[in-house]
Amino acid sequence: MSEPRLADHDLSVLVADWLDWDQAADVLGVTPAAVRTMVREHVLAAAKPGPNQPQGVPALFLDESEPVKGLPGLLTVLHDNGFDDRECIAWIFLDADLPGRPIDALRENRGSEVKRRAQALAL
């Protein structure tokens with residue numbers, strides 16, 4: 001049996017903590033509209049974690065008052081490879097033999113390896 005598509009992963013299982021637009025805006029010190037703009041410009045990614053749940057941003061995408069270092073560049077690479085936000089979030093929160101998940105590597109300032117692996121997806 002083949003591995004499930006990224007879009008089919010249950011994000012509510014992969015991502016423990018989600019922020020709604022207002023919560024993300026409070027952390028970043030901006031308006032909810034600015035958060036939506038950041039999502040549209042691929043500085044952040046957002047998705048509905050599950051059915052009947054509002055769209056949100058994974059809490060681990062934010063580091064104090066800004067997006068985690070390296071996240072915007074990684075999201076750009078993933079989007080350039082044809083991923084949508086839901087697939088980006090799934091890829092970032094799945095174990096990718098880094099060791100660990102790409103989100104953990106980003107938060108530990110090991111983003112260059114994550115970006116290389118994302119670029120290799122296009123090959």
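Q: Which residue forms a salt bridge with Asp8, and how far apart are the closest N and O atoms?

A: Happy to start there. Asp8 pairs with Arg5, with 3.0 Å between the closest N and O atoms. Keep in mind that this is a predicted model.

Q: How do I tell that such a pair counts as a salt bridge?

A: The general idea is a distance test: a side-chain nitrogen of Lys or Arg has to be within 4 Å of a carboxyl oxygen of Asp or Glu. By this rule the structure has 5 salt bridges.

Q: What does Asp104 meet in a salt bridge?

A: The partner of Asp104 is Arg101, at 2.9 Å from N to O. Asp104 is partly exposed, at 25% relative accessibility. Arg101, at 24%, is also classed as partly exposed, because buried would require a value under 20%.

Q: Where do Glu113 and Arg117 lie?

A: Both sit in helix H7, which covers residues 111-120. They are 4 residues apart, about one turn of the helix, and their side chains form a salt bridge of 2.9 Å, N to O. Glu113 is partly exposed, with a relative accessible area of 26%, and Arg117 is partly exposed as well, at 31%.

Q: Which residues are linked with Glu113 in a network of salt bridges?

A: Arg116 and Arg117 are the residues linked with Glu113 in that network.

Methods: Residues are numbered from 1 along each chain as its sequence is written. This is a predicted model: local features need pLDDT of at least 70, side-chain atom pairs count only at pLDDT 80 or more; totals for chains, interfaces and linings use all residues. Side-chain values use heavy atoms; hydrogens and water are left out. Buried means under 20% relative accessible area, exposed over 50%, partly exposed in between (1.4 Å probe, protein chains only). Helices (H or I, at least four residues) and strands (E, at least two) are DSSP runs, numbered from the N terminus.
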